[in-house]
Amino acid sequence: MSEKNLKQTVEERAMSLLDPIVAGEGLELVDLEFLREREGWVLRLFIDKPGGRVGLDECTQVSRAVDPALDVEDLVPHEYSLEVSSPGVNRPLKKPTHFERVKGQKVKVKTFGPVGEPPRKNFTGTLTEVAGDGISVDVEGAGTFHILFKDIAKANLEFEF
């Protein structure tokens, strides 16, 4: 299996397996990634706590909760490290509920291909609307762009200091 296929397979299976476990701990699995780093393979979970901040206690709690399931399912055919952390200030936006929470704030969105008029793939601006099929981002000096969820390759909150 190629490295790209392994990465995708592990991420999909891990999300399906771990999402309900993390939810059972009263937290949300925002995102996860499986990647090769200098020290080896890492399965990194990003968790959030509704209405609060994620700290070391929550990360430890989730790590202990998911570790046995990962061992039993044996998703990864080789050694890896498990890391659990908060999504950080530039948190990824994956689900419509994630976008809804940051409505009115600055976001950065990358699309798979050109979108809008004039066509572009990168949008940084204020998230003005979250609809059933997508979002609207007001880009300063360029206007408002409607972007379908299916066209979003990557999106995150742009924290303003």
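Reader: How many aromatic pairs does a search of the whole structure find?
Author: Happy to walk you through it! This is a predicted model, where local features need pLDDT of at least 70, side-chain atom pairs count only at pLDDT 80 or more, and totals for chains, interfaces and linings use all residues. Residues are numbered from 1 along each chain as its sequence is written, and side-chain values use heavy atoms, leaving out hydrogens and water. Rings of Phe, Tyr and Trp (its six-membered ring) pair if their centres lie within 6.5 Å; planes under 30 degrees apart count as stacked, over 60 as edge-to-face and the rest as tilted. For the whole structure, the number of aromatic pairs is 3.

Reader: Why is the pair of Phe34 and Trp41 described as it is, and what is it called?
Author: A pair of aromatic rings is described by the distance of the centres and the angle of the planes. Here the centres of Phe34 and Trp41 are 4.6 Å apart and the planes lie at 20°, so the pair is stacked.

Reader: Is Phe34 buried or exposed?
Author: Buried means under 20% relative accessible area, exposed over 50%, partly exposed in between (1.4 Å probe, protein chains only). Phe34 has a relative accessibility of 0%, so Phe34 is buried.

Reader: Which parts does the pair of Phe99 and Phe149 tie together?
Author: This pair is tilted, at 5.6 Å centre to centre and 55° between the planes. Helices (H or I, at least four residues) and strands (E, at least two) are DSSP runs, numbered from the N terminus. Because Phe99 lies in helix α3 (residues 96-101), the pair ties it to the loop holding Phe149, between β7 (143-148) and β8 (152-157).
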